[in-house]
Amino acid sequence: MKASFTVILAAILACCTSVNAGTVITTNLPAGSAIINIGGTADGAANFTGPNADAWYAPFNTSSNLLEFTFQPGTYTFRVVDQNDAATLFPSLSAAQLNQIGGAWTYNSPWATDYLAFDVSAATDASQHQLFTGAVTDNGFGYGSPSAAYQRAINVGYYQQIVTGSGRYTGTTASSYTFSSVQTLIFAVPDYYLPDNGGIVSVLVSSVPEPTSMAMLGIGMVFLGTFGYKQRSRRT
């Protein structure tokens, strides 16, 4: 892993103006879903601490336009997705939208799928580490190509895992994250020096229906089934 930036540079980058920008797809997707495309050459974090660069700080964008997305209260799942899987999952996505999607990002040749999610306040508070890390590459280094990195994440299963807390490798593994109120997150790759990077890691965000909603849906399906049976019985 590359050496850390100085505290002064980290503070400067952390003070970048936070505006809604970046590549976020919300149209042609189900309600409550989005695809967040994190640029390996644009969206990074200025500093890190801990063994294996566990805790990251001061998210930034090379053009000062942080990659943000605002979540409504509720529970959400996060998974990395590539163009092929996105096209299969959501046939209504346009060619232009699919062209925004990538399966992995690279630093100095190895490719990885991991990404960071910060609370928006981390843009101006360099003491705040990431809320969670997603799709952490299992060998801690990376793979030889975007497809190899993405396919490894799918095969092993960490493509849909997040690790909460300050430790990318030592935090708590989870399958979803719950927001109790409206909250804006900043997305980035775990790297502070981006000129030698490449690629895009895309994150599919999906809201999880509340249990009460699922229960009502189940009741509705039972009612429709009973009603349909009665209608059929009357015709026989």
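Is Arg168 buried or exposed? Arg168 is buried, with a relative accessible area of 3%; buried means under 20%, exposed over 50% and partly exposed in between, using a 1.4 Å probe and protein chains only. Welcome to a predicted model, where local features need pLDDT of at least 70, side-chain atom pairs count only at pLDDT 80 or more, and totals for chains, interfaces and linings use all residues. Residues are numbered from 1 along each chain as its sequence is written, and side-chain values use heavy atoms, with hydrogens and water left out.

**Salt bridges**

- The structure holds 3 salt bridges, each being a side-chain nitrogen of Lys or Arg within 4 Å of a carboxyl oxygen of Asp or Glu.
- Side chains of opposite charge can pair when their charged atoms come close.
- Arg168 and Asp114 meet through their side chains at 2.7 Å, N to O.
- Arg168 sits in the loop between β11 (162-164) and β12 (172-174), and Asp114 in the loop between β8 (111-112) and β9 (115-119), so this pair ties together parts that are 54 residues apart in sequence.
- Asp114 is buried, at 5% relative accessibility.
- Arg152 and Asp138 form a salt bridge at 2.6 Å, N to O.
- Arg152 belongs to helix α4 (residues 146-156) and Asp138 to the loop between β10 (132-134) and α4, so the pair ties together parts that are 14 residues apart in sequence.
- Arg152 is partly exposed at 34% relative accessibility, and Asp138 is partly exposed at 37%.
- Arg79 pairs with Asp85, their closest N and O atoms being 3.7 Å apart.
- Arg79 counts as buried at 17% relative accessibility, while Asp85 is partly exposed at 26%.

- Helices (H or I, at least four residues) and strands (E, at least two) are DSSP runs, numbered from the N terminus.
- In β14, 6 of its 6 residues are buried.
- One face of β14 carries Gln183, Leu185 and Phe187, the other Thr184, Ile186 and Ala188, and all of them are buried.
- β5 (residues 68-71) pairs with β14 in the antiparallel sense over 4 bridges; two strands pair if DSSP finds at least two bridges between them.
- Within this pairing, Phe69 stands opposite Leu185.
- β9 also pairs with β14 in the antiparallel sense, over 4 bridges, and Phe118 stands opposite Ile186.

- Asp191 lies in the loop between β14 (183-188) and β15 (197-208).
- Asp191 is buried, at 1% relative accessibility.
- The side chain of Asp191 reaches the backbone nitrogen of Tyr193 at 3.4 Å.

Technical notes:
A polar contact is a pair of N or O atoms within 3.5 Å; within protein, one must be able to donate a hydrogen and the other to accept it, and residues adjacent in sequence count only if both atoms are side-chain atoms.
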